[in-house]
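Please read the following report alongside the sequence and the model.

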Amino acid sequence: MKTILLLIWIAIFTATAVRGADEPTKIDLKNKSSFKVDASSRNPFWPIGWKPAAKLSGLDRGGEIPVTAFVVSSITMDEKARFAIINGKTMQEGQQFGLLLGTQTYQITVKRIEDGRVILGRHDEEIIIPLRRK
């Protein structure tokens, strides 16, 4: 008797479940979202308040850069990569950075990192900065 009641209950439950699966639930949207990008608006993937950096190419106007403007405090040489800490920032070969001296900004390129020194480049000029040992 218990088995027959169990089978009837299972048949009713499966029939109800199958009948409910045939009729999908309709969803009515009240407000559809949209997104329009203007040329004057910021990129939505940038962090809030972030602005792109100014181009450095137009700011470099010449003049001598003293060797004392750079401090090479550490050099790491590996088989795959070479790194140097220049003015407190980690740099590698080929990397470009801006050097601010007074009101002038100079664009500098790390040309080579060698044992005991770093060779920087600016236009056609090479600046050799020795490792500062304490």
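## Salt bridges

The count of salt bridges comes to five, where a salt bridge is a side-chain nitrogen of Lys or Arg within 4 Å of a carboxyl oxygen of Asp or Glu. This is a predicted model, in which local features need pLDDT of at least 70 and side-chain atom pairs count only at pLDDT 80 or more, whereas totals for chains, interfaces and linings use all residues. Residues are numbered from 1 along each chain as its sequence is written, and side-chain values use heavy atoms, with hydrogens and water left out.

The side chains of Lys111 and Glu126 form one of these bridges, at 3.6 Å from N to O; Lys111 belongs to strand 5 and Glu126 to strand 7, so the pair ties together parts that lie 15 residues apart in sequence. Glu126 also forms a salt bridge with Arg112, with the closest N and O atoms 4.0 Å apart, and this pair links distant parts of the chain, strand 7 and strand 5, across 14 residues. Arg112 in turn meets Glu114 in a salt bridge of 3.2 Å, N to O. Together, Lys111, Arg112, Glu114, Arg117 and Glu126 are linked in a network of salt bridges.

Lys111 is partly exposed at 35%, Arg112 is partly exposed at 35%, and Glu126 is partly exposed at 41%.

Four strands form an open antiparallel sheet in the order 4-5-6-7, two strands being paired if DSSP finds at least two bridges between them. Its edges are strand 4 (96-101) and strand 7 (125-130), each of which pairs on one side only. Neighbouring strands of this sheet are turned by 40° against each other on average, direction ignored, with axes fitted as lines to C-alpha atoms and angles running from 0 to 180 degrees between N-to-C directions.

Within this sheet, five bridges join strand 5 (residues 104-114) to strand 6 (residues 117-122), and Thr109 stands opposite Gly121. Strand 6 is joined to strand 7 by six bridges, with Arg117 opposite Pro130; the hairpin of these two strands has two residues between them, and His123 there takes a positive phi near 55°. Strand 2 (residues 82-86) and strand 3 (residues 89-92) also pair in the antiparallel sense, over four bridges, and Asn87 in their hairpin takes a positive phi near 55°.

Of the 134 residues of the protein chain, 19% count as buried.

Ile4, placed in helix 1 (residues 2-22), counts as exposed at 52% relative accessibility.

Key
Buried < 20%, exposed > 50% of the residue type's maximum accessible area, 1.4 Å probe, protein only.
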